[in-house]
Amino acid sequence: MKYTEDHEWLRVEGDLVVVGITAHASEQLGDVVFVELPEPETVVAKGDEVVVIESVKAASDILAPVDGEIVEINEALVDNPGLVNEDPTGAAWFFKMKVGDMAQLDDFMDEDAYNDLVG
Amino acid sequence: MADLLRTGLHDLHVELGAKMVPFAGYEMPVQYPMGVLKEHLHTRAAAGLFDVSHMGQVILGAPGGVPAAALALEALVPVDIAGLAEGRQRYAMFTGPEGGILDDLMVANRGDHLFVVVNAACKAADIAHLRAHRGLEVIEITDRALLALQGPAAEAALERLVPGVAVMRFMDVATFGWNGAELWISRSGYTGEDGFEISLPEERAVEFARALLKDDAVAPIGLGARDSLRLEAGLCLYGHDIDTTTSPVEAELSWAIQKVRRAGGARAGGFPGAARILGELAGGAARRRVGLLPEGRAPMREGVEIFAGPEGGAPIGTVTSGGFGPSVNAPVAMAYLPASLAEGATVYGELRGKRLPARIAAMPFHPTNYKR
């Protein structure tokens with residue numbers, strides 16, 4: 001698993017990258033009550049806002065961590081946004097991306113580095 | 001948070017695992033480990049204990065006693081205070097010269113004085129406002145904490161500690177004793193639920209809170225759930241849903257202005273902004289505070305602009321409070337909209353560049369549960 005400074009986690013699954021938010025991020029957000037997902041087959045550039053998360057406290061975005069194409073979204077989150085708090089690193093993945101150049105992932109943090117960041 | 005004030009319950013909040021945030025100059029618990037959503041639902045299902053000691057507690061007297069103090073206060077609020085019976089409490093608001101609202105408050109007649117509770121963020125200004133007014137003796141209470149115990153299990157939980165409170169009705173006030181401490185209790189609150197507000201000596205507050213929390217039905221509740229509870233109950237938050245630009249009539253608070261203070265009443269007018277407020281009571285206001293039920297699940301929060309149609313046009317209003325209502329299980333909001341728009345009409349809130357429909361709805365969004 002790789003981690004971004006925006007508190008996203010990335011997991012490589014074959015030629016796809018699965019994206020979610022960390023347990024630390026879900027705790028900071030508080031109870032999630034609404035998730036808006038992108039359309040599948042959307043081509044995105046690193047830094048694009050692709051997901052909107054609303055918690056009881058505030059709205060926040062998930063940014064595309066790398067360039068690529070959204071190929072699958074987790075519809076379960078639309079009906080059950082609370083999954084983001086219950087199982088942030090498992091059942092509550094947000095989307096899967098097809099990424100042309102997997103080397104884009106090289107610069108992200110590993111688990112130890114991320115844990116140091118959120119300390 | 002070095003410059004922030006602390007309430008007498010600060011260390012207890014920290015011990016209970018609260019996340020502390022700055023609020024109105026105080027360091028206050030926004031949530032406990034249970035989290036905002038569950039704290040909200042717990043209050044509606046059982047009982048929630050809130051520390052509201054940051055709010056201002058003020059005693060008002062006058063050389064002529066309570067009747068004189070009541071008449072003097074009536075010069076600052078459009079509310080019937082002289083007719084407030086001993087042992088009763090009433091909602092009021094300080095109005096400004098243009099008919100806006102300077103703060104909202106609760107006024108109780110405690111027999112030998114009036115007891116007033118005002119918002120934390122406004123208390124310094126309110127006290128200066130009261131002191132600048134002739135005929136009132138103003139004592140700011142700084143050595144008493146204020147707790148709120150709210151929810152359907154509040155009565156049983158408080159009755160166990162303070163026998164006798166169960167017979168109180170909504171908006172009654174009375175004095176009780178608890179292990180030598182004097183409690184000033186009102187049957188009221190800010191959640192839409194039955195419940196109590198308890199003023200007590202600060203040095204006894206932690207002990208009293210712990211005694212309440214021993215009851216399995218009682219959980220500590222933070223400011224986050226206090227906000228979602230009052231929003232579902234359709235209650236205004238000062239500085240957001242009401243302020244110096246909104247009149248009580250626009251804010252749909254006309255119910256708080258009794259007949260005796262209206263045109264034709266025995267003590268009609270005589271409060272700041274009377275010309276505008278009495279005019280609006282007679283002829284209506286151009287805009288009014290309404291409830292909004294956004295379609296779908298995306299909350300429309302404070303600041304979201306409201307439009308008449310799905311495209312084009314200028315905004316017709318702005319959301320003043322909004323969020324997710326855990327008991328409604330849907331987003332809820334309040335906004336000021338043209339009075340011509342009827343309940344049931346669809347308007348559009350602009351979220352992230354997209355206009356999403358919302359229906360104008362009656363408030364409260366969640367039925368209130370007062371013991372009348």
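Trainee: Which residue takes a positive phi in the hairpin of strand 18 and strand 19 of chain B?

Mentor: Strands here are DSSP runs (E, at least two residues), numbered from the N terminus. In this hairpin, which has 2 residues between its strands, B:Arg352 takes a positive phi near 50°. The model is predicted: local features need pLDDT of at least 70, side-chain atom pairs count only at pLDDT 80 or more, and totals for chains, interfaces and linings use all residues. Residues are numbered from 1 along each chain as its sequence is written, chains are lettered from A and ligands numbered from 1 in the order in which they are written, and side-chain values use heavy atoms, leaving out hydrogens and water.

Trainee: How many bridges join strand 18 of chain B to strand 19 of chain B?

Mentor: Two strands pair if DSSP finds at least two bridges between them. Here 6 bridges join the two, which run antiparallel, and B:Leu351 stands opposite B:Lys354 in strand 19 of chain B.

Trainee: How is the size of an interface given?

Mentor: It is often given as the accessible area lost when the parts come together. Buried area is taken with a 1.4 Å probe and summed over both parts. Between chain A and chain B it is about 1100 Å², with carbon and sulfur atoms giving 50%. A:Asp31, A:Val33 and A:Lys57 supply 39% of the area that chain A buries against chain B, more than any other three residues.

Trainee: How many salt bridges does the rule find across the interface of chain A and chain B?

Mentor: A salt bridge puts a side-chain nitrogen of Lys or Arg within 4 Å of a carboxyl oxygen of Asp or Glu. The rule finds 3 across this interface. One joins B:Arg301 to A:Glu54, with the closest N and O atoms 2.6 Å apart.

Conventions: Buried area is the accessible area (1.4 Å probe) that two parts lose on being put together, summed over both. Helices (H or I, at least four residues) and strands (E, at least two) are DSSP runs, numbered from the N terminus.
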